[in-house]
Amino acid sequence: MKPSTFGYSRPESLEEALTTLDSLGTDGKVLAGGQSLLPIMSMRLAAPQHLVDINRLAELAYVRVADGQVRVGALARHAAVLRDPDAAAAQPLLGQGLQMVAHATIRNRGTTVGSIVHADPSGEMTAVLALLGGTVRVATAAGEREVAAEDFFLGPMESAVAPGELAVEASFPVLDPAAGTAFVEVARRHGDYAVCGVAAHVQLGPDGAISSARAAYLSVSATPVVLDLSEACGADGSGDVAGFVGDNLDPDPDIHATADYRRQLAVVLTRRALAQAHKAARERNAA
Ligand SMILES: Cc1cc2nc3c(=O)[nH]c(=O)nc-3n(C[C@H](O)[C@H](O)[C@H](O)COP(=O)(O)OP(=O)(O)OC[C@H]3O[C@@H](n4cnc5c(N)ncnc54)[C@H](O)[C@@H]3O)c2cc1C
């Protein structure tokens with residue numbers, strides 16, 4: 001299949017991109033890595049009037065650690081974020097999630113910010129941003145605003161980025177030295193979208209006991225769900241979270257899995273993710 005006819009601009013600077021998007025209004029659509037947008041256009045599930053290709057905005061192809069945040073620019077490819085040693089050391093959950101995103105060829109082209117804006121409920125980076133309480137910086141020709149993760153995901157494939165806006169950066173808080181993270185998922189084939197996935201974060205207190213445990217879920221709901229499991233898992237991590245997770249998740253069925261199967265999978269993956277995150281927290285805390 002081929003896309004419908006569309007107009008095309010390739011700005012050379014952020015300023016030009018924002019002016020172009022502003023002039024196009026609801027007719028404009030940002031093209032980043034194209035790994036989600038072009039297949040959707042080819043299947044005629046979307047028919048934007050005009051694409052604004054941001055691939056020449058080299059100024060947005062950065063990954064840096066500054067002010068307690070890992071900052072990822074709009075043109076940083078998944079592969080570049082995954083390879084970045086400073087980002088890996090500062091926030092291990094980024095790499096743990098990214099290595100589950102698709103295949104190498106797609107990670108070489110697809111952008112981490114694009115993946116978050118695309119807001120696929122099965123996208124690993126949506127759960128990572130939600131669990132860590134990250135933010136997205138969104139710009140227009142008139143100015144900028146910062147959107148918190150909890151306000152960013154509005155529905156399946158729907159984020160807070162409005163027509164005329166460009167998401168310029170996603171920020172992920174640096175991991176505390178007494179905390180650990182893990183990301184586990186089940187996919188039918190390696191590189192496929194997950195049937196269910198769980199990102200976990202465990203924080204230890206000064207006494208070495210668990211002071212907080214949280215998990216975020218993908219492929220379960222229209223938007224990423226974050227559960228506070230601190231009480232259910234207990235100070236030493238030995239509590240069984242099954243009942244709490246089962247009661248608080250209401251998974252959607254689809255052609256890949258029934259709701260019951262997904263709920264059971266979420267329980268099993270939560271136990272695994274929490275155990276791994278707890279182990280990582282103890283190791284980091286001891287180092
Ligand atoms: C076969 C296949 C398997 C995949 N498997 C997975 C997977 O397992 N997990 C996963 O998470 N993803 C997966 N993906 C998607 C991949 O991660 C994409 O790269 C990502 O979802 C979108 O990033 P992109 O840069 O390609 O965005 P694009 O496809 O260019 O854009 C996607 C959407 O986001 C908008 N957009 C992009 N960037 C911006 C911006 N800076 N500002 C405003 N709007 C923007 C576009 O307008 C469009 O609506 C897969 C893709 C393919 C083709």
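On a 1 Å grid over the protein atoms alone, a pocket is an open set of points with protein on both sides within 12 Å along at least five of seven lines, and its lining residues have an atom within 4 Å of a point. The model is predicted, so local features need pLDDT of at least 70 and side-chain atom pairs pLDDT 80 or more, while totals for chains, interfaces and linings use all residues. Residues are numbered from 1 along each chain as its sequence is written, and side-chain values use heavy atoms, without hydrogens or water.

The second largest pocket is lined by Val202, Ile210, Cys233, Gly237, Gly239, Asp240, Val241, Arg271, Leu274, Ala275 and His278. Helix 12 (residues 259-286) supplies the largest share of this lining, four residues. Helices are DSSP runs of H or I with at least four residues, strands are runs of E with at least two, and both are numbered from the N terminus.

Polar contacts are pairs of N or O atoms within 3.5 Å. A backbone N or O atom of leucine 37 lies 2.7 Å from an oxygen atom of the ligand. For glutamine 35, a backbone N or O atom lies 2.8 Å from a ligand oxygen. Lysine 29 places a polar side-chain atom 3.1 Å from an oxygen atom of the ligand.

Key: A polar contact is a pair of N or O atoms within 3.5 Å; within protein, one must be able to donate a hydrogen and the other to accept it, and residues adjacent in sequence count only if both atoms are side-chain atoms. On a 1 Å grid over the protein atoms alone, a cavity is a set of points where a 1.4 Å probe fits but cannot get out, and a pocket is an open set with protein on both sides within 12 Å along at least five of seven lines; lining residues have an atom within 4 Å of a point.
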